[in-house]
Amino acid sequence: MPVSTITYELQDGYIHHWLVGGPQRIPLADVSFLLDIENKSQIAQRYHTAHSGITRQPVEPGPLTEADFTIDDYTGRWAYTSCGEDHFVDCTAAYPTPHYVRAWAYTQIATPQARPVTLVLSAYGPVDVWINGIHCFQEAVFGFHHATFIANLTEGSNTVLVRFAQVGVGACSHAFALRICDAPDDTRVEIPTLIEDITLRNRLERIFSTAYLDRDVFVWDEFVTVRWTPREGTTEDMLIRLQTPAGRIYAESLAIATPGGESPLVQAHQTPQGPLHCILMPPIRSYFDENVRIRRTLSLWSMGLAQYTAAPERPYPQRRDETLQHAVRCDGTLFGEIAKMALGMWKAVEPPVLLRVIERVNRRESDCALDLLGLLGMLRRWGNAPDFPKTIKAPLRTCILNFAYEGATGTSESEQLLLSTCELLAGQMYSRRRFKHSGQTGEWHVAKGKRRTQAWLRARAAGGFAEWDSGRAFEAELTALAHLMDLVEDEAIWQMATVVLDKLLFTIALNSHRGMVGGTQGNADAAGILGGWMAPLGSVTRLLWGVGILGPQLAAPVSLACMEDYELPPLFQEIAVAPPEELWNREQHLLPDGGGVNKVTYRTPDYLLGSAQDYRPGMPGTREHIWQATLGPGAVVFTNHPASIGTTEAHVPGFWRGNGVLPRVAQWKDVLIAVYNLPDDDWMGFTHAYFPISAFDAHALREDASGRMWAFAQKDNAYLAITAAQGLTLMTQEPGAYRELRSSGRQNVWLCHMGRAALDGDFTAFQEKILALPVTFNDLVVTLTTLRGETLTFGWEGPLLRNDQSEALADFKHYENPYCVMPLHALEMEIRSANYLMRLKFV
């Protein structure tokens, strides 16, 4: 077929238009060591070749097989990719076991005359570059880095081929960007294509680029709706599909893309709970018969059949059954199968699901300890039941006896407890059998598991939780503690596990608002922070105190629901659902490096504002979620410094989760200040606020007397106002359309005020009060007056001043709030409310 070319311009010198092949994923079955830089380099060298392996002309596919390429035993297919504003060709993904991955990117650079150019390549791993078939650059460096080299371009079209690789397990940053520093204005990018109707293809690409979703998570009766930004042009017919990542289609619509219009698909409760893809493509005839194979994918989450509960409605036994029934509906999951057994639904149990989980544990996939613990608990509870699947008994026994229960270096706090609990239970169940990796009997593993578990429990009792308020970590710890209390045959262990569980539940209740765990987190998950709908603890709060929503994370709620001997203290439900008019909470939790995180929470019946005070400002971030205002379900606001536009769990940090560079934050009750001081070579060049307009009852953008823009939000009786020293803009295009307030600049100060109808009148009155308050930004320092008449001063350096007096940002007590005052390393914890008193003894 004839090959045509499509022409694009450079974007600030960056090449944004590519044909991408791969990634080729090569499992590293022989890797049993830590993947440090030296070992990664050795692996990359093993698979490196001096030649690219690409022998056919890369093309955008019309007929699909014409765009295939083969390298050794791998067959790939070229696909057109347009970069986002982070400039990356991004193949970032999470791999459950160690992998070597590589991908290829191809484009053409057209210039009217021969000239040398300076290229800057930015990447996360090894990279090779060929220009006009000549291997002109190679670098085998891991971690984000930049390299500059000179290339000679010939007159006309020049081919550019980049091979980029990565080695890792878990979240693997696998991306690169290429910039021509001194490109003349007449430089163009060319993409070869087999699509014959280029006019239609280009028109569809332009229209697809105007599509957006106005929220990240769709709940119950909300319609999944594709919206179109206003633009010049006519309408266009297209096909919109809503499907799972695995490809199962739940809605398909022949839509008309109208400037400023919308294309509704289906209500959330008609789709499965979890991630979904909204795919925009030409009508079927154009796509399949005429080979106009261009498409765009928008990502979202659905809550499926789950509905939010704002207040406790049913007693605990009913909530327990509801939780287990919800788990049963989550097809293909381990804890869904466990829920079936708990409910006596033996005919519905699916052994193939359990066998797949066993194989996952056998491969030692990342996070498999949670699965192993579930399997051990399942076998301990129902292994002798007459209807227990006989086909899994032998494979499960082999899995348990062959597992290596030692954690690798750098194992997280929550993973440590999972592994020690697994070892204790496995040894208890097979006390006289010898385990493969240790060569020791189960009795030996019981003793070792006890020592590890007791050390963990004592450390949490004395110093708290290093992964503070983390939904993903707390989910794992709740699961392990539930198994320890219910199944371990050692009184000292289950007694200590009980008091640590009570301490953990108190911490969750203290930092919750309407079933959503708000405030700061030490290890946040990418989906859970987007409004709280997908947060790992949502099902736990719904089960334990009847407020929240049942989500896809099943391990903790199912494990708690299966417990026979634990009775939830009513004290925690009271703290969680009936806060006082004002709750000012300070906590300090010890970290593995010997330091601590000092966090505060200000909570009223209408909202929660929480933050980590002065936490490692200027240091590189990962998954830390430094502050958040929670007005209600879905209605959360926070700021961060994005490292890319990636929003998946593999992007660490990404667009919303984590920070490329950590801010300096201080909070005094209902006012928060976040100061950002980014390096000169910062990749993104802006900070932003998550501000989901669709979740608010009302919002407004208004200027104060100095011309500074403020964003206001109302949810029920809660109010929020936020501004930035460098100004802010509401974004109306993806990836943050109508939920992103962006502020450009490397040095910036964000300011957030909270208010309540009970104190500040109606929403309009609140806005007027905020706009009348004095505020002065001076470089990286802000001085302001609060709604309560106090003066605050804070900056990149120096103390937080309140009415000219210094307020502590560090060295907090372990807990200090109206319910509990407790120093670090205390042997006893007293929690007191108006109606209840609890004493926890950690000895």
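Student: Is the crossing of H11 and H12 left-handed or right-handed?
Tutor: This is a predicted model, in which local features need pLDDT of at least 70, side-chain atom pairs count only at pLDDT 80 or more, and totals for chains, interfaces and linings use all residues. Residues are numbered from 1 along each chain as its sequence is written, and side-chain values use heavy atoms, with hydrogens and water left out. Helices (H or I, at least four residues) and strands (E, at least two) are DSSP runs numbered from the N terminus, and a crossing is left-handed if the near helix is turned anticlockwise from the far one by less than a right angle, and right-handed if clockwise. The crossing of H11 and H12 is left-handed.

Student: At roughly what angle do the axes of H11 and H12 cross?
Tutor: Two packed helices are described by the angle between their axes and the distance between the axes. Axes are lines fitted to C-alpha atoms, for helices over the stretch in contact, and angles run from 0 to 180 degrees between N-to-C directions. The axes of helix H11 (residues 471–487) and helix H12 (residues 491–510) come within 9 Å, and their crossing angle is roughly 150°.

Student: How many residues of the contact of H11 with H12 are nonpolar?
Tutor: Contact means heavy atoms within 4.5 Å. Among the residues that meet are Phe474 and Leu478 in H11 and Trp494 and Leu501 in H12. Ala, Val, Leu, Ile, Met, Phe, Trp, Tyr, Cys and Pro count as nonpolar, Asp, Glu, Lys and Arg as charged, and the others, Gly among them, as polar. In the contact of H11 with H12, two residues are polar, one is charged, and the number of nonpolar residues is 13.

Student: Which residues of H4 make the contact with H13?
Tutor: H4 and helix H13 (residues 538–545) have axes 7 Å apart and an angle of about 150°, and they are therefore roughly antiparallel to each other. H13 contributes Arg542, Leu543, Leu544 and Trp545, while the residues from H4 are Tyr316, Arg319, Arg320, Glu322 and Thr323.

Student: How many of the nine residues of H5 are buried?
Tutor: Buried means under 20% relative accessible area, exposed over 50%, and partly exposed in between (1.4 Å probe, protein chains only). The buried residues of H5 include Phe335, Glu337 and Lys340, and what covers the buried residues of H5 includes helix H4 (316–329) and helix H14 (555–561). Helix H5 (residues 334–342) is largely enclosed by the rest of the structure, because its buried residues number eight.

Student: Which residues are buried in H8?
Tutor: What covers the buried residues of H8 includes helix H6 (351–362), helix H7 (368–382) and helix H9 (413–429). In helix H8 (residues 393–402), the buried residues are Leu396, Cys399, Ile400 and Leu401.

Student: What is the length of the polar contact between the side chains of Arg742 and Glu85?
Tutor: Arg742 lies in strand S37 and counts as buried at 11% relative accessibility. A polar contact is a pair of N or O atoms within 3.5 Å; within protein, one must be able to donate a hydrogen and the other to accept it, and residues adjacent in sequence count only if both atoms are side-chain atoms. The side chains of Arg742 and Glu740 form one of 2.8 Å. For Arg742 and Glu85, the value is 2.5 Å.

Student: With which residue does the side chain of Glu582 form a polar contact of 2.6 Å?
Tutor: Glu582 lies in the loop between helix H15 (570–577) and strand S25 (583–590), and is partly exposed with a relative accessible area of 42%. Not counting residues up to four places away in sequence, Glu582 touches Tyr602, Arg603 and Lys669. The polar contact of 2.6 Å joins the side chain of Glu582 to that of Tyr602.

Student: Is Asp811 buried or exposed?
Tutor: Asp811 is found in the loop between strand S43 (805–807) and strand S44 (815–816), and has a positive phi of about 60° although it is not a glycine. With a relative accessible area of 71%, Asp811 is exposed.

How values were computed:
Parallel < 35°, antiparallel > 145°, perpendicular 65-115°, else oblique.
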